[in-house]
Amino acid sequence: MSKKIIVAIDGHSSCGKSTMAKDLARKVGYVYVDTGAMYRAVTLYSLNHQLWQGSIPDAEALERHIHDIRIDFRLNTETGLPETYLNGKNVEREIRTMKVSGHVSPISTLSFVREAMVKQQQAMGLHKGIVMDGRDIGTTVFPHAELKVFVTASPEIRAQRRLDELRSKGDSMIRLEDVLNNLKERDYIDSHRDVSPLKKAEDALVLDNSNMTIAEQDQWLLDRFREKTEND
């Protein structure tokens, strides 16, 4: 019987990390956790509770609320995909809007937010058999993960993918230029924050999927997974 491992997938936004991770988890029977969705859920909570001072999050107010924020993932039996729940409410669609996208990076830089989310994430991985994607999984959350992958693609290709996703969900007014600018801003903030910045773990495998199909990247990841679980 193959041993259970932790699969940590990091990388830039809109690289298809979540799609890869979900597909692998489904194929191998692992639990999937979208950590980006967790920070989006905290962002949604902060917006719904007006915990902002203009374009800056009201950190003091949010810190008083942070332990009231419970995030979990439940499988949608119709789609076979996990969905994000915030304090018991399904918020999968709400957290994918451009409004949340435009506010998530400042929220994710707050040390107390990351500390709270990392604790939840590490608890989810205690028994291994988990696939987790985000920005700091291989460096901060699970530095000893058996399989680490760092995913990247060109900003232009990522912006087009994100635009296609938003339009498929009914957001017909958004422009490619706006999505590209948002991605570049998030890349800069994610890479330059003081707490757990986005960076490749030294032992992570790099996957540039700019010119790969979803099927090709899924096969690449499945091959790497099998190498770790069957040959080690």
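**Helix pair.** I started with α2 and helix α5 (residues 111-124) in this predicted model. Their axes come within 11 Å and cross at roughly 140°. I checked that angle against the bands: over 145 would count as roughly antiparallel, so I put α2 and α5 down as oblique to each other. The crossing of α2 past α5 is right-handed.

**Who touches whom.** From α2 I listed T35, M38, Y39 and V42. They meet V113, R114, M117, V118, Q120, Q121 and M124 in α5. Sorted by class, this contact has seven nonpolar residues, three polar and one charged.

**Largest pocket.** Next I went looking for open space. The largest pocket comes to about 1,100 Å³, and 44 residues line it. Nearest its centre I found G16, S18, T19, R96 and E165. Which element gives the largest share of this lining? I noted α1, with six residues. Among the others that supply at least two residues each are α2 (35-48), α4 (98-108) and α7 (155-168), so α2 turns up here as well as in the helix pair. I sorted this lining too: 21 charged, 15 polar and eight nonpolar residues.

**Second largest pocket.** This one holds about 240 Å³ of space. I counted 16 lining residues, with Y30, V31, Y32, L75 and P82 nearest the centre. Two or more residues come from each of α1, β2 (31-34), β5 (71-76) and β6. How does this lining divide by class? I got eleven nonpolar, two polar and three charged residues.

Note on methods:
Residues are numbered from 1 along each chain as its sequence is written. This is a predicted model: local features need pLDDT of at least 70, side-chain atom pairs count only at pLDDT 80 or more; totals for chains, interfaces and linings use all residues. Side-chain values use heavy atoms; hydrogens and water are left out. On a 1 Å grid over the protein atoms alone, a cavity is a set of points where a 1.4 Å probe fits but cannot get out, and a pocket is an open set with protein on both sides within 12 Å along at least five of seven lines; lining residues have an atom within 4 Å of a point. Grid points are joined across faces, edges and corners, and a volume is the space filled by probe spheres set on the points. Helices (H or I, at least four residues) and strands (E, at least two) are DSSP runs, numbered from the N terminus. Ala, Val, Leu, Ile, Met, Phe, Trp, Tyr, Cys and Pro count as nonpolar, Asp, Glu, Lys and Arg as charged, and the others, Gly among them, as polar. Axes are lines fitted to C-alpha atoms, for helices over the stretch in contact, and angles run from 0 to 180 degrees between N-to-C directions. Angles under 35 degrees count as roughly parallel, over 145 as roughly antiparallel, 65 to 115 as roughly perpendicular and the rest as oblique. A crossing is left-handed if the near helix is turned anticlockwise from the far one by less than a right angle, and right-handed if clockwise. Contact means heavy atoms within 4.5 Å.
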